[in-house]
Amino acid sequence: MSETVEPDPRGISDAHYWHLPRLIIAWALAAVIGVLVTVLVPPEGRFPWLALAVGVATLVTFALQLGTAQREGFITRTSFSVAGSVVVIAVIDVVSLLIG
């Protein structure tokens, strides 16, 4: 017997629903900004710049997710992307503190 696969009732695939490339772009931008702040700013003045980096990453995330023009899952995608950006920036900062 062969099984038939039911189509997605939303009409979109899971990969399209999450817009994975947009998440990766936001995280990559957060990584680039985090590395730039780590390299260019002395450790004692780094916190305000890291906060600014998180703010920029958040704005970019909103722009990327609004660009999808898809309402379903907007809050989930945006919060996941922002949380990932914060984690990326925090990991970069912790690694820089351990190294230097």
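Me: Which residues in α2 are buried?

Reply: Keep in mind that this is a predicted model. In α2, the buried residues are L23, A26, A30, I33, G34, V37 and T38. They lie on the same side of α2, because they cover an arc of only 135° around the axis.

Me: Which exposed residues does the face turned away from the buried side of α2 carry?

Reply: That face carries P21, V39 and L40, which are exposed.

Me: What span should the 21 residues of helix α2 have?

Reply: Count 1.5 Å a residue. Helix α2, residues 20-40, should then span 30 Å. Its end C-alpha atoms are 30 Å apart, so the two values agree.

Me: How are two packed helices described?

Reply: Use the angle between their axes and the distance between the axes. Take α2 and helix α3, residues 46-66. Their axes come within 9 Å and cross at roughly 160°. That makes α2 roughly antiparallel to α3, because angles over 145 degrees count as such. The crossing is right-handed.

Me: Which residues of α2 and α3 meet?

Reply: From α2, they include L23, A26, A30, I33, V37 and T38. Those residues are also buried. Their partners in α3 include W49, L50, A53, V56, A57 and V60.

Me: At what angle do the axes of α3 and helix α4 cross?

Reply: They cross at roughly 150° and come within 9 Å. Therefore α3 and α4 are roughly antiparallel to each other. Their crossing is right-handed. Among the contact residues are L50, A53, A57 and F62 of α3, with F74, V82, V86 and I89 of α4. L50, A53 and A57 of α3 also take part in the contact with α2.

Technical notes
Residues numbered from 1 in each chain as written. Predicted model: local features only at pLDDT ≥ 70, side-chain atom pairs only at ≥ 80, totals over all residues. Heavy atoms only, no water. Helix = DSSP H or I, 4+ residues; strand = E, 2+ residues; numbered from the N terminus. Expected span 1.5 Å × (residues − 1). Buried < 20%, exposed > 50% of the residue type's maximum accessible area, 1.4 Å probe, protein only. Arc of directions from axis to C-beta. Axes fitted to C-alpha atoms, helices over the stretch in contact; angles between N-to-C directions. Parallel < 35°, antiparallel > 145°, perpendicular 65-115°, else oblique. Left-handed = near helix turned anticlockwise from the far one by under 90°. Contact = heavy atoms within 4.5 Å.
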